[in-house]
Amino acid sequence: MLGFLKRPVVVTADINLNVVVLTAVGLLSRLWQLAYPRAVVFDEVYYGQYISFYMKRIFFLDGSGPPFGHMLLALGGYLGGFDGNFLWNRIGAEYSSNVPVWSLRLLPALTGALLVPMAYQILLELGFSHCTATGAALLMLIENALITQSRLMLLESVLIFFNLLAVLSYLKFSNSQKQRPFSLSWWFWLTLTGVACSCAVGVKYVGVCTYLLVLAVAGVHAWHLIGDRTLSHVRVLCHLLARAAALLVVPALMYLLFFYVHLILVYRSGPHDQIMSSAFQASLEGGLARITQGQPLEVAYGSQVTLKNVFGKPVPCWLHSHQSTYPMIYENGRGSSHQQQVTCYPFKDVNNWWIVKDPGRHQLVVSNPPRPVRHGDVVQLVHGMTTRFLNTHDVAAPLSPHSQEVSCYVDYNISMPSQNLWRLDIVNRESDTEVWKTILSEVRLVHVNTSAVLKLSGAHLPDWGFRQLEVVGEKLSRGYHESMVWNVEEHRYGKSQEQKERELELHSPAQMDVSRNLSFMARFLELQWRMLTVRSDDSEHKYSSSPLDWITLDTSIAYWLHPRTSAQIHLLGNVVIWASASLATLVYALLFLWYLLRRRRSIHDLPEDSWLRWVLAGALCAGGWAVNYLPFFLMEKTLFLYHYLPALTFQILLLPVVLQHISDHLCRPPLLRSLFSGLVVAWYSCACHVFNTLRPLTYGDRSLSPSELKALRWKDSWDILIRKS
C-alpha cells in the first residue's frame, strides 16, 4: 500500500528557453529604473486622482471606461502603502515621499513586459516557425512607444495585454479542440478566453473591439463545427453551449463583478456625486446621504420638497424661484407675462423649496395622519419663500418660443388669471395608485389647463435671469424626454402655517428614519448609463492628433521634461517598425485578394493547411488592427497617438507572418531566398538601430544637447528647449 514511498517522486517539465529569455529581456526593458522620473508624467495626473479616490474610498465616475483598469492601478498603490494623499494637479510635479512610484507603475510595466513572450507564443500557436515567432517578440521588445507607455502609470499596456491574452487563449483552445476536446486544458483555455475578453472591456471600452473579433472567429469555427457530420447532435450542442457559457456568460458576469467590487470600494460621497440621481447619491456615505438622513419617505399634502431634474444636463439643478420677475420686453422685442421667474438652479439654496398643496384646502402643513399624494392627483406647488404658486399659461418662454413660460403667479389685477393646477404623473410607478416617494419616484408635472409638462430646456437665461437655466412648459404632443422628469431630493413635513415660522422651518431637517438603499443592479445600471452618456472633454489639445497621423507617425507627445536638464520623455514610435508594419498590412491584403481570386478560378497556389493558416493569421492580426483602428474615425473625442498602440501590436504580429510567407512561398529559388533573408536581417538591424537612437527619449535618463535633439529631428523637443534657454 505504501509502495510508492520506495521510489522518489519525479516531476518533469518542458521549459522553452526562448520564452524564458524573452520574458527576462522584456522585464529588463520595462522595469529598468521604473521609478524614474519621480514626477507626474502626462496622463498620470489623470489616473492618479482616481487612485487617490480608491485609497480614500471616495466615489468617482470616469466616462473613459469601466473601473477594472483603475482598480488594477489602485492595487499597486495599495500594495505600496499609498494613502491617497497627493495633489494630482500638475504634470511634472515632483512626487512626495508617501507616493510609491515603483509600485504604482509596476502593473503596467509587468503587462508590457509580458507582451514580448506572448507575441512569440501567439505566432507559434498560429503554426509559424520559431524564427518567425522570435522575430515578432523582438519587434515587440524594441518598439519605443510600447516601452514608453508601459513604464508609466497608464492603461494602454494593460489593455494590450488582455487583448493578446484573449487571442492567445483562444488559439490554444482551438488547437486543443483538434486533439482533446472537453479536456481540462480545453476548458481552461476556453474559459480564460472569456475572462481575458471581459478584462479587456473592463479596462477600456475599446477592448470590446478585440472581444467582437474573437467572437467572430469563434462563430466561424462553431459554424464549421455544426457542419461536421462525424459529431453527434448532442456533442455539437455541448460544444455550442460550452462556447456560449465561456464567451458570453462568463464575460457578462465578470463585467458585473468589476462594478460590484468598484461600488464596494468607493462608498463615500465625493466630487462626482452631482451627476448621479438623488437615489444613488443617498446610497453613498456622507454628502446627500447625510442631508437626507431621516427624511419622510411618502410625500404628503403640506410636504416641503426640493425637486431635482433627473436629466441632469447641462448640469444637475433644482426647481427654483426668486423675487425677480421676467422683463416686460425681451431683447428680441417679444413681450412676457412679467410674472415671477422660475428657473433651474445648479446649487442648493433655500429658494429651491416648494410646498405641495391640496387645491381644495388652504393649509400648508401636513395633517395628522399625513395624507399621501398619489399618481394622478392634482396638486399645487407653492414656492416656500415667496408663497407664490407655480404657474404656466399661453405665453412664450423667454428662450424657447415654441414652449410655454413657467412662472410663479403674481396677481396684477389684469385679465390673466392664475393657472396653477398640476397633475402628478409617476413615470416609474408599479401601479396606478402608487404613492409619491422621496428620491425613489420619478415624476412628471402635467399642467391641467394646457397639458404642458414642466421641463428643463437647458438654455442659460441672460443676466436678468442670473444665468440660471430656463424651465418651460412643453406640450405632451412633442414626445417624452428625460428633461421632463423630476424627483424629490430633500423632504420634510411642514408644521408651520405662518410664513415667518415656515421660513425658519425650511432650514431645519426633519428626523424620521427611512431606508432608501438601492440594489446593486439599480446602481450598476445607472452608473453604466452615466458613463456611456457623460460628455467628455473634446477640446483640442496641444498633442492631439487624427487617426491618419498615426499611420505615418506624423505626430508625437512630449510626456515629460526635466526641470533642470534637457532630459525628457516622448511617446515616439520606432519609425522602421511602424512603416514596415503598415506596408506588411497592405501586402497581406493584396496577397489575400490575389489568392482568393485565383482560388475562385480553382488555382491553388498554397497547400490547404498553409492557406488556412494564412487566413486565420490575417483574421486575427490584420483583423485585430482594423477593429482597433478604424472605429477611431467615427469617434468625436480628443485623440492621441497612444490610442493607436493596441492596433499597432496586431500589425507587429502580422509583419513576421508576411515575411515568412514571402520567404517560403514567393522566394522559392535558394539564391533568392538567401538574398531575402539577408535583407530581413539588415532590416531588423535598422529597427534595432532606431530603437537605440531614440532610447534617450524613451527612458529620459540622459540629457540631450540641442545638436542631438536636432539630429533626431524632434521638433517639439527642440522648440521646448529653445523656449527654456
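Modeller: Cys-197 has a relative accessibility of 2% and so counts as buried (buried is under 20% relative accessible area, exposed over 50%, partly exposed in between, with a 1.4 Å probe and protein chains only). This is a predicted model, in which local features need pLDDT of at least 70 and side-chain atom pairs count only at pLDDT 80 or more, while totals for chains, interfaces and linings use all residues. Residues are numbered from 1 along each chain as its sequence is written, and side-chain values use heavy atoms, with hydrogens and water left out.

A search of the whole structure gives one disulfide, meaning a pair of cysteine sulfur atoms within 2.5 Å. Its partners are Cys-317 and Cys-344, with 2.2 Å between the sulfur atoms. The link is right-handed, with 90 degrees about the S-S bond. Cys-317 sits in the loop between β1 (303-309) and β2 (318-325), and Cys-344 in strand β3 (residues 340-345), so that distant parts of the chain, 27 residues apart, are linked. Strands here are DSSP runs of E, at least two residues, numbered from the N terminus. Both Cys-317 and Cys-344 are buried.

Cys-197, by contrast, is in no disulfide; its nearest cysteine sulfur belongs to Cys-199, 9.3 Å away. Cys-408 has its closest cysteine sulfur in Cys-344, and at 13 Å this is too far for a bond. Cys-408 is also buried, at 0% relative accessibility.

Now the salt bridges, each a side-chain nitrogen of Lys or Arg within 4 Å of a carboxyl oxygen of Asp or Glu. The structure has 16 of them. In one, Asp-358 pairs with Arg-371, with 2.8 Å between the closest N and O atoms. These two residues, 13 apart, both lie in the loop between β4 (353-357) and β5 (378-383). Asp-358 is buried, at 16% relative accessible area, whereas Arg-371 is partly exposed at 25%.

Asp-425 takes part in a salt bridge with Arg-429, the closest N and O atoms being 3.2 Å apart. Asp-425 is buried at 12% relative accessibility, and Arg-429 is partly exposed at 32%. Asp-425 also forms a salt bridge with Arg-444, at 2.7 Å between the closest N and O atoms. Because Asp-425 is in strand β8 (residues 422-426) and Arg-444 in strand β9 (residues 443-447), this pair ties together parts 19 residues apart in sequence. Arg-444 is buried, as is Asp-425. Finally, a network of salt bridges links Lys-308, Lys-348, Glu-489 and Glu-490.

Technical notes
Helices (H or I, at least four residues) and strands (E, at least two) are DSSP runs, numbered from the N terminus.
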